[in-house]
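Visitor: I have a structure to look through with you. Can we take it step by step?

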Amino acid sequence: MSRTPIHPTREQIELPMVLDCLSDPIRLAIVYQLAQQERVSNELCCGDFSGLGGKSNLAYHFAKLRECGLMQTRLAGTNRFMRLRREDLDARFPGLLDAVISSAARDADRLQLLSGSEGIEED
């Protein structure tokens, strides 16, 4: 049995599923943090999101983000590394991810999203 998480293909990513997934504040915060991190590195590990909730709650949200096609998960030993599927999302829905991230940045305080410097260590 393979431990590799299942991801939808680019063609299987559906707009209603993506929008539904982004309607949750925790998942929006995860996407926002991943987007902020893209400037430094394109991956974060599970522990980088500890400020957003407990392990089991985050595991649920990571799975939802992966299943809808917003996020790619890579296993390395006991670590899970996540990144946005920006190329696939931009190909399927041009401008959507940028619009969501821009809106989230404007509303970060109201949505209680972590800023780019909180919870993410930059080298």
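**Overall layout**

Guide: This is a predicted model. Among contacts in the protein with a separation of 6 or more, residues 24 or more positions apart account for 68%.

Visitor: Which pattern of helices and strands does the protein follow along the sequence?

Guide: The protein has six helices and three strands. Read along the sequence, they follow the pattern α-α-β-α-β-β-α-α-α.

Visitor: What percentage of the residues count as buried?

Guide: Buried here means under 20% relative accessible area. The protein has 123 residues. The part of them that counts as buried is 39%.

**The core**

Visitor: Which element gives the most to the largest nonpolar core?

Guide: The largest nonpolar core has 29 residues. The elements that give two or more residues to this core are α1 (15–22), α2 (25–37), α3 (55–68), β3 (79–84) and α5 (96–106). With seven residues, the element that gives the most is α2.

Visitor: Which residues does phenylalanine 49 touch, not counting residues up to four places away in sequence?

Guide: Ile30, Leu34, Phe49 and Leu70 are the residues with the most contacts inside the largest nonpolar core. Leaving out residues up to four places away in sequence, Phe49 touches Ile30, Gln33, Leu34, Leu44, Leu58, Phe62 and Met82.

**Helix packing**

Visitor: Are α1 and α3 roughly parallel or roughly antiparallel to each other?

Guide: The axes of α1 and α3 are 9 Å apart. The helices pack at an angle of about 160°. Angles over 145 degrees count as roughly antiparallel. Therefore α1 and α3 are roughly antiparallel.

Visitor: Is the crossing of α1 and α3 left-handed or right-handed?

Guide: In this pair, Met17, Val18 and Cys21 in α1 meet Lys64, Leu65 and Cys68 in α3. By class, that contact of α1 with α3 has five nonpolar, no polar and one charged residues. The crossing of α1 and α3 is left-handed.

Visitor: Are α2 and α5 roughly parallel or roughly perpendicular to each other?

Guide: The axes of α2 and α5 come within 10 Å. They cross at roughly 100°. Angles of 65 to 115 degrees count as roughly perpendicular. So α2 and α5 are roughly perpendicular.

Visitor: How do the residues of the contact of α2 with α5 divide by class?

Guide: From α2 come Leu28, Val31, Tyr32 and Ala35. They meet Leu97, Val100, Ile101, Ala104 and Ala105 in α5. The residues of this contact of α2 with α5 divide into nine nonpolar, no polar and no charged.

**Two residues up close**

Visitor: Is leucine 97 buried or exposed?

Guide: Leucine 97 is in helix α5. Its relative accessible area is 4%. The cut-off for buried is under 20%. Leucine 97 is therefore buried.

Visitor: How many Å apart are leucine 97 and arginine 86, C-alpha to C-alpha?

Guide: Not counting residues up to four places away in sequence, leucine 97 touches Val31, Leu70, Leu84, Arg86, Leu89 and Asp90. Leucine 97 and arginine 86 are 11 residues apart in sequence. In space, C-alpha to C-alpha, they are apart by 7.4 Å.

Visitor: Is arginine 85 buried or exposed?

Guide: Arginine 85 is in the loop between β3 and α4 (86–92). Leaving aside neighbours within four places in sequence, arginine 85 is in contact with His7, Pro8, Thr9, Arg10, Ile13, Gly69, Leu70, Met71 and Gln72. Its relative accessible area is 5%, so arginine 85 is buried.

How values were computed:
Residues numbered from 1 in each chain as written. Predicted model: local features only at pLDDT ≥ 70, side-chain atom pairs only at ≥ 80, totals over all residues. Heavy atoms only, no water. Core = buried A, V, L, I, M, F, W, Y, C linked by side-chain atoms within 4.5 Å. Buried < 20%, exposed > 50% of the residue type's maximum accessible area, 1.4 Å probe, protein only. Helix = DSSP H or I, 4+ residues; strand = E, 2+ residues; numbered from the N terminus. Contact = heavy atoms within 4.5 Å. Axes fitted to C-alpha atoms, helices over the stretch in contact; angles between N-to-C directions. Parallel < 35°, antiparallel > 145°, perpendicular 65-115°, else oblique. Left-handed = near helix turned anticlockwise from the far one by under 90°. Nonpolar A, V, L, I, M, F, W, Y, C, P; charged D, E, K, R; others polar.
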